[in-house]
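Have the coordinates open as you read.

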Amino acid sequence: MQNILLPFSFIKERNNTLCVVTLAVVIMSSLFAPKIGHWRFETGHNILFIGMCCATGFFLLYHIFSGKQLAISLPDLFMGAFVALLFTSLFKGNILPTVSFILAVVFAYTFNRTISGKDYVLFIITLLNILLLSYLVLDTKVADNRGITGPFSNAAYLSGLLMICIPVNIGCVWLCDKRQYIFKCFFLILAIANLYVIVYNQTRSSILALVLGGVFLGVKRIRKKYRYIVLLLAGLLVSFLLAYLFKTDSTSGRLLILKITALHLPEVPVIGFGYGSFQHQYLDWQSSYFSEQYQFTREASLADFVEYAFNEWLQLYCELGIAGFVLMTGLIILACKAPVITRTDSIVRISFFILCINCCFTYSLHNLPILLIFVMLLQSCFSNLSASNLSNAILTRILSIGIIILLIKAGSFYVSNYKAIHLWKKGYESTYGNSIPLAMKNYEAAYPVLQNEAEYLYNYATESLKIQEVKRSTFLLERAKKILNTPDICNQLGYCYQLEKQYNSAEEIFLYSSNAVPNRFIPRCLLMDLYLEKRDTVSVRKIAAQILALPVKINSGYVEVIRQKARRLIN
């Protein structure tokens, strides 16, 4: 128990002290950074990742000059192959999210690899737990219609972090001596507070993970031949109750995502479509799925534009293919097969197991703090496995120098990205000040760095349309659509085609957008306007009838204007 409360008193190597402090600082800082891949004016992300590059580089330099050799184990080889596979995604468009994901994985794995003991990991998670709950207590605006979100934009991220903390809290109670009543009460209070927030938010994925994890651990005490039957029945019962007793439409929508994705799994290449590509591919799949339906169904009313598969392992298969899925499965199997020697080993194993279950129902690993903790827990499970030293010191130094060169390039990439996002922000703000020429100047200056950032390209194209630069806007939107396929980008691109009198291209893109999210009014309204301009009265009446048949989810003045226009055209 003392190792958890006062780990720095028991660290004998200065190297370990630096690793623990660095990991703790980065994870605490990442609490206030949005999810990986969402970069709209979030320059704080760049600063955080620049710091991670510097920390990892200095750590490797320390190893080089101290003459230490690398100790390689089988999990290290699997992780190295997984990171190498991630590098292939750099050639498929989503450069910024891919670089960030690689850096986060390498940083957490490298530093946690050096820590000689899992007590430090539990200590960092406990610190994180205290910081999160303190934030919720001090912040008076934590609850809204989305639930308690804390420092995040999504209640699921907060609940996911607190879910990881609960087995650590209970494990710390288990590690306490019988006489340490104060510490036992403290950790029990933390666990109850965490559970309260999760239940209050009605976060089904976190509740399911905790219940199924508890059931799985409980049935280990049952006789072997009945274990799996009890586990299966309990899992099905809990899943049914959580899924269909509340948030029925949400659950049905997630099942639709899984259904459409599963239908297209045979199309996934061996190395996948690239990290961060699921959003783009899924919209194509959903558009194709609903283009084959000739009437509005309940499935169509549930369909929406989605960024995630709500199953990390399924999304991993789509983005990194069978190769990435096999490597990650191998890492998880090795983690589960590693020997358990101490109670701390059991706590780490249980926490990792519950997080893996949670990833079956949500998109936890797209949150930076959870991703870092996942890698730390994964690596901690391997600490009892034997490793062989690389006897060649020259090879060790060459490998370290190669990684340092990559870190320098990544650091310079984040510095340039920081400056470019600042220009993007200035351009965006200039449009609200009615200074279009200044906005265009800033957008143009940021283009060389942000030409693979779809949201930037969309903003740049929108401002170009305001000054009648239709060709430039079309070029920018076509590039944006290749990187990030969204209904807004499709609608704007179709409008540009229409302005250029490319009616066939405009019709194709509007039909695509209408099928991709079949319950939205705007794509069909744009398609109706296109047919009006072409004087195709038959198609105008057909689309107007479809608009009037669409159910109204949220009443708004704009939707009512579209419906009135459709009624006039039919009558």
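What follows covers the basis of the model, then salt bridges, then cavities.

## What we're working from

This is a predicted model, so local features need pLDDT of at least 70 and side-chain atom pairs count only at pLDDT 80 or more, while totals for chains, interfaces and linings use all residues. Residues are numbered from 1 along each chain as its sequence is written, and side-chain values use heavy atoms, with hydrogens and water left out.

## Salt bridges

Searching the whole structure turns up six salt bridges (a side-chain nitrogen of Lys or Arg within 4 Å of a carboxyl oxygen of Asp or Glu). One of them pairs Glu463 with Lys466, at 3.3 Å from N to O. Both residues sit in helix H19 (residues 454-466), three residues apart, or about one turn of the helix. Helices here are DSSP runs of H or I with at least four residues, numbered from the N terminus. Glu463 is buried at 6% relative accessible area, whereas Lys466 is partly exposed at 49% (buried is under 20%, exposed over 50%, partly exposed in between, using a 1.4 Å probe and protein chains only).

Another salt bridge joins Lys534 and Glu507, at 3.6 Å from N to O. Lys534 belongs to helix H23 (residues 522-534) and Glu507 to helix H22 (residues 503-516), so this pair ties together parts that are 27 residues apart in sequence. Lys534 is partly exposed at 32%, and Glu507 is partly exposed too, at 21%. Then there's Arg567 with Glu560, at 3.7 Å from N to O. Arg567 is partly exposed at 34%, and Glu560 has a relative accessible area of 34%.

## Cavities

How many cavities of 30 Å³ or more are there? The count is four, where a cavity is a set of points on a 1 Å grid over the protein atoms alone where a 1.4 Å probe fits but cannot get out. The largest cavity holds about 200 Å³, with volume taken as the space filled by probe spheres set on the points, which are joined across faces, edges and corners.

The largest cavity is lined by 18 residues, and the closest to its centre are Phe82, Phe101, Glu312, Leu316 and Leu365 (lining residues have an atom within 4 Å of a point). Helices H4 (74-87), H5 (95-114), H14 (312-337) and H16 (368-381) each supply at least two lining residues. H14 gives the largest share, seven residues.

By class, that lining has 14 nonpolar, two polar and two charged residues. Ala, Val, Leu, Ile, Met, Phe, Trp, Tyr, Cys and Pro count as nonpolar, Asp, Glu, Lys and Arg as charged, and the others, Gly among them, as polar.

Definitions and conventions:
1 Å grid on protein atoms, 1.4 Å probe; cavity = no way out; pocket = protein on both sides within 12 Å on 5 of 7 lines; lining within 4 Å.
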